[in-house]
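Dear colleague,

I am handing over the structure we spoke about, with the sequence alongside. My notes on what was found in it follow below.

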Amino acid sequence: MMDHQPAKILVLKSGWLTTVQDLGRYGYQHYGVSVSGAMDSFSTIVANRLVGNPDQAAVLELTLKGPELRFERDTVVAITGADLSPSINGHNVPMWESLAIQRGQHLSFGMPHAGARAYLALAGGVEAPLVLGSRSTHYASKTGGLHGAPLKPGDILYSGTVRPFVTQQIGRRLPVPLRPRYEHSVTLRITPGPQQNVFGNEAPTTLTGTTYTVSPQSDRMGYRLAGSKLVRKGPAEFVSDGTSMGALQVPSDGQPILLMADRQTTGGYPKIAVVISVDLPFAAQLAPGDRIAFAPCTVAHAHTLLRAHRAQLDADLPPCDSRSQLIPPLNHRHESF
Amino acid sequence: MSPPPHVRRRTRTSPETFRLLSLGDSAVTIEFGNAINPESNARVIAFAQMVSEQGWNGILDIVPSYRSVTLHFDPLQWDAAALTKKLKTLPWEHSPQADPQGLVHEIPVLYGGEWGPDLEEVATFAGLQVAEVIALHTAMPYRVYMLGFSPGFPYLGLVPEQLAIPRRATPRTMVPAGSVGIADRQTGIYPTATPGGWQLIGRTPIPLYRTASHTPFLLKPGDLVRFTPIERDEFDRLSHLNRHENA
């Protein structure tokens with residue numbers, strides 16, 4: 001019989017890089033605090049909705065090689081994102097739907113079949129202290145999550161308060177047409193970046209006309225890409241300004257870096273283009289060796305695509321919390337300048 | 001004597017003095033001026049403050065840098081066109097003309113030795129005695145142009161030309177918390193232990209980032225920082241005091 005106690009989970013194996021993440025630490029970038037948060041926000045939102053959580057509840061982000069977890073209490077979970085071959089006590093379990101895990105059972109992972117990052121949501125959300133308004137782990141600054149660090153063997157995880165009737169969530173699933181397919185070659189759509197004009201006239205064509213490979217020097221901060229060189233017009237000097245997730249910044253070697261969740265808040269390299277929001281969850285699923293083609297897009301079209309995509313998700317898998325607003329208004333979160 | 005009218009106008013924030021730069025579908029950068037100077041940065045901070053005061057729903061972050069402000073917004077609630085339109089309705093004519101409303105912070109620094117391993121190198125670069133470098137570095141207050149790099153890291157400037165030593169060719173894999181460094185015309189303080197490439201000249205015992213505190217960050221953009229040299233015993237006393245306060 002499923003009770004409503006918070007989940008308690010023992011970490012037996014940590015996996016390659018398993019961190020607590022939510023939708024990010026907004027409101028403190030002007031103090032130099034990175035946003036961090038889940039690399040793939042779509043999979044995070046879906047995982048949360050499947051177990052009856054608000055979208056911004058904390059989840060575990062699993063990277064390529066998942067952890068092994070022992071559940072000390074009956075728990076409702078959902079696994080989304082990359083297919084890292086999840087199994088309970090050795091039996092394969094489906095993704096993109098909510099599952100019941102019984103007390104004493106082991107959840108483990110095997111070969112990565114598609115994508116790079118999987119998300120594990122627990123009913124009640126993963127419990128961790130709120131640091132500057134978020135539970136996200138930014139390990140470079142040792143902020144958030146469990147002591148600012150990825151999971152390690154021996155860690156114990158708890159969920160937050162589990163709402164009654166959580167078992168009614170079991171078997172809830174994301175309709176198949178909405179499930180993303182992850183390939184080793186993707187097309188990411190881009191809009192022009194703030195410093196596009198410092199590059200030679202041929203640079204945008206170079207960017208969209210050739211493919212780039214995700215290099216091994218890639219992590220949650222950003223992906224170093226290898227491909228055709230993007231040449232600047234002249235030896236201009238650049239003054240640091242704000243960065244965003246999906247921005248393609250180009251150091252003097254001409255090889256772009258795709259900035260991701262753990263990026264620094266500001267950067268001194270010119271940004272030639274920015275990947276559109278609706279495509280970022282696909283960028284999040286890339287691993288070293290995967291290939292990217294960039295395709296031009298307008299900002300207006302990017303908004304149309306994002307809103308249509310979200311509307312479809314909301315229709316098929318509505319938010320579990322009437323508070324549709326993800327993040328409280330800015331002026332309630334921190335003192336002003 | 002008051003400056004001529006055209007000079008005064010240039011220090012005021014107005015819709016005519018900024019450039020909008022697209023940063024994707026969920027952020028926009030508003031750029032003021034081309035150079036790093038206190039006037040451009042004052043406009044930046046006044047603008048950031050003005051937008052912050054509006055309390056607009058769905059504006060997720062307002063990030064001032066040397067000469068621009070990046071606004072991050074929820075793309076389901078805003079787009080750049082709507083935001084631009086809204087920005088034009090702001091009370092520009094009432095915005096603070098310039099500086100400085102920021103606080104002045106006195107930051108004690110133990111210069112040289114293991115606390116500032118690059119001080120000698122900076123002196124050689126500048127062709128000065130170590131004591132002269134310290135005197136020059138502490139001679140005037142620095143403006144907090146922006147924070148970035150790591151939580152609470154201030155970019156302070158401008159450092160006297162003579163001390164403007166470039167970054168180290170190979171960054172250190174770990175710079176201790178409190179380290180004071182120089183990189184070109186900038187000086188800064190590492191609030192937490194991180195990798196870093198700035199030339200380290202000293203260390204402060206004053207914490208810049210206290211996670212557990214209700215006000216975690218000591219400095220904000222637009223503040224002024226004045227470094228004062230201290231001796232080892234004072235450094236130890238203040239270090240002990242701050243550890244005690246944090247406990």
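How many residues does the contact take from chain A and from chain B? In this model, which is predicted rather than determined by experiment, the contact takes 46 residues from chain A and 49 residues from chain B. The two chains bury about 4000 Å² between them, and 60% of that area is on carbon and sulfur atoms. Between chain A and chain B there are zero salt bridges, while twelve residue pairs, both members at pLDDT 80 or more, are in polar contact. On the side of chain A that touches chain B, at least two residues each are supplied by β12 (185–192), β15 (241–242), β19 (271–275) and α4 (299–316), and the largest share, six residues, comes from α4(A). Sorted by class, that side of chain A has 20 nonpolar, 20 polar and six charged residues.

Chain B, with 247 residues of which 54% count as buried, has six helices and 13 strands. Among its contacts between residues at least 6 apart in sequence, 62% join residues at least 24 apart. The average pLDDT of chain B is 88, and 88% of the residues score at least 70. One stretch calls for care: pLDDT stays under 50 over residues 1–11 of chain B, for which the model has seven contacts beyond four places in sequence. Where pLDDT is low, the predicted coordinates should not be read in detail.

Within chain A, helix α1 (residues 41–50) is largely enclosed by the rest of the structure, because nine of its ten residues are buried. The buried residues, including Phe42(A), Ile45(A), Arg49(A) and Leu50(A), pack against β3 (59–63), β5 (75–83), β8 (98–101), β10 (114–122), α3 (280–283) and α4 of chain A. At the start of α1(A), a side-chain oxygen of Asp40(A) reaches to within 3.1 Å of the backbone nitrogen of Phe42(A), and the helix is followed by Gly52(A), whose phi is positive, near 85°.

Turning to charged residues, the count over all chains is 22 salt bridges. In chain A, Arg220(A) forms a salt bridge with Asp262(A), with the closest N and O atoms 2.8 Å apart. Arg220(A) lies in the loop between β13 (211–218) and β14 (222–226) and Asp262(A) in the loop between β17 and β18 of chain A, so the pair ties together parts that are 42 residues apart in sequence. Both of these residues are buried.

Arg263(A), in the loop between β17 (257–259) and β18 (266–267) of chain A, counts as buried at 5% relative accessibility. Among the residues that Arg263(A) touches are Ser34(A), Arg220(A), Met221(A) and Thr243(A), and a polar atom of the Arg263(A) side chain lies 3.1 Å from the backbone oxygen of Met260(A).

In chain B, the side chains of Arg167(B) and Asp184(B) meet in a salt bridge (3.5 Å, N to O). Arg167(B) lies in the loop between β7 (154–157) and β8 (172–175) and Asp184(B) in the loop between β9 (179–183) and β10 (186–189) of chain B, so this pair ties together parts that are 17 residues apart in sequence. Arg167(B) is partly exposed, with a relative accessible area of 43%, and Asp184(B) is partly exposed as well, at 33%.

With best wishes

Notes
Residues numbered from 1 in each chain as written. Chains lettered and ligands numbered in written order. Heavy atoms only, no water. Contact = heavy atoms within 4.5 Å. Buried area = accessible area lost by both parts, 1.4 Å probe. Salt bridge = Lys/Arg side-chain N within 4 Å of Asp/Glu carboxyl O. Polar contact = N/O pair within 3.5 Å; in protein donor to acceptor, adjacent residues only side chain to side chain. Helix = DSSP H or I, 4+ residues; strand = E, 2+ residues; numbered from the N terminus. Nonpolar A, V, L, I, M, F, W, Y, C, P; charged D, E, K, R; others polar. pLDDT = per-residue confidence, 0-100. Buried < 20%, exposed > 50% of the residue type's maximum accessible area, 1.4 Å probe, protein only.
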